[in-house]
Amino acid sequence: MNDPVDLVVVGGGLAGLSLATRLVRGGYAGRVVILEPRGEYVDDRSWAFWTPAHHALPVAPARQWNHWQFSRQDGEPVTRRAPGWRYAYIRSLDLYRNALALIASRPNFRLLMGTRANAVDASGGHLSVATTAGTFPTSFVVDTRPAAMDRFSGSTLFQCFSGRELRFDQARFDDSRVELMTDMRSDALGFVFSYVLPLSPTRALVEATRFSTRALGQAQLCADLDQTLAARGWSNAQVLRTETAVLPMGLPAPDVAEPIAGVAHAGMGAGALRAASGFGFVRIQAWADRCARELLQGRPPVGHPAEPKVQGWMDRVFLRALANNPARSPEFFLRLASSVPGEAFVRFMSEQGGWRDHARIIAALPPGPFLQALHGPSLRPRPST
Ligand SMILES: Cc1cc2nc3c(=O)[nH]c(=O)nc-3n(C[C@H](O)[C@H](O)[C@H](O)COP(=O)(O)OP(=O)(O)OC[C@H]3O[C@@H](n4cnc5c(N)ncnc54)[C@H](O)[C@@H]3O)c2cc1C
């Protein structure tokens, strides 16, 4: 049994570290333990998102852009912008290093690497977390562990991608704009597109992404990426790093049968990913602000707020329409890109859309597939491969 602490943060990923850095900055005086199984932090993912131009970010973005593109395979690109907004890219290693330095600067914060949490126990009215480094009695727990794969089966779609950060000796990329969804097409496995973040004229993160009704395996995702790179003439680039993901889109928040007082769940495992995009960076930052405020006031931690009703409904219908119509998915996205003003699209994607933005999104989409998605049978994803 370890000495009692005030807060155990289970998971030192984006959510856990985002909360910890806010508590450090806010001068939290309690004893905090952060439990993280990994032995070292590497640059394992890229966080990209829209943000208002002057909004402060947790760490400086490695790059930001004012323009983004959509295109069908062999089609003309549609380039969009949203005045007052930027598309920012944060390198995960920058965020991890910044958090680790802040945590190390306070003696009341401890990050235990190589440590896995097991059960959270509340018997006898006392909270404790059993871990591979012994049990920690605690007043509060914030659990950010990812959902187990078997829970993923509740997802409507999966965003599956494989990416490589490439470097050439000579300029090969137009770094004035992001390729948000280009080369959009569909095949027997569903809807597929390219995502290119040009970090400089000689470096870029290139991903091949699929929206699929099942979680696709590595081999398929790598084959997609190889094909994308070959088509662009980029196969011979130096590969600086790789990243890969299978992100649930439309995964319902877990049903916690009996919530335990003093325990909050957050991050991807608690439904933080936006259904329409599969992304969660902005939501997790907003949650970390709120949860840290509560803890700094001596109150228990909080989880993610309920999703706004209209937005949640639109996301679910949109996902069902995509899942039902992979062959028409390029058309849906191109209609959104061409007909919805950039600001309205970005506000909607950033969860700041009002009813006018929602109306513009609905008006841009063909009614047939969306009415069918509204009334059709609910989709059950196939088992993963
Ligand atoms: C490759 C990739 C790219 C992404 N790109 C974007 C993007 O561009 N924009 C965007 O908005 N979102 C993106 N996402 C989605 C989302 O923002 C990230 O997944 C984000 O890291 C989720 O944060 P999290 O804290 O919930 O999970 P994680 O960051 O995965 O953290 C969970 C932590 O829990 C730890 N853990 C697991 N089991 C235990 C245990 N038993 N005990 C203790 N700790 C445990 C894990 O080691 C991990 O560190 C991306 C995701 C991936 C995988």
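Two strands are said to pair if DSSP finds at least two bridges between them. Strands (E, at least two residues) and helices (H or I, at least four) are DSSP runs, numbered from the N terminus. In this predicted model, local features need pLDDT of at least 70, side-chain atom pairs count only at pLDDT 80 or more, and totals for chains, interfaces and linings use all residues. Residues are numbered from 1 along each chain as its sequence is written, and side-chain values use heavy atoms, with hydrogens and water left out.

**Strand β13 and its partners**
- Strand β5 (residues 68–72) pairs with β13 (residues 178–187) in the parallel sense, and four bridges join the two strands.
- W68 has V178 in β13 as its bridge partner.
- Five bridges link β13 to strand β14 (residues 190–198) in the antiparallel sense.
- Within β14, V196 stands opposite E179.
- A hairpin is formed by β13 and β14, with two residues between them.
- Seven of the 10 residues of β13 are buried, that is, under 20% relative accessible area with a 1.4 Å probe, protein chains only.

**Overall fold**
- The protein contains nine helices and 17 strands.
- Its C-alpha atoms fill a box of roughly 65 × 55 × 40 Å along the principal axes.
- Of its 385 residues, 52% count as buried.
- Among contacts (heavy atoms within 4.5 Å) with a separation of 6 or more, 75% are between residues 24 or more positions apart.

**Charge**
- The mean positions of the 42 positive charges (Lys and Arg) and the 33 negative charges (Asp and Glu) are 3 Å apart.
- Each charge is placed at NZ of Lys, CZ of Arg, CG of Asp or CD of Glu, while His and the chain ends are not counted.

Notes:
Buried < 20%, exposed > 50% of the residue type's maximum accessible area, 1.4 Å probe, protein only.
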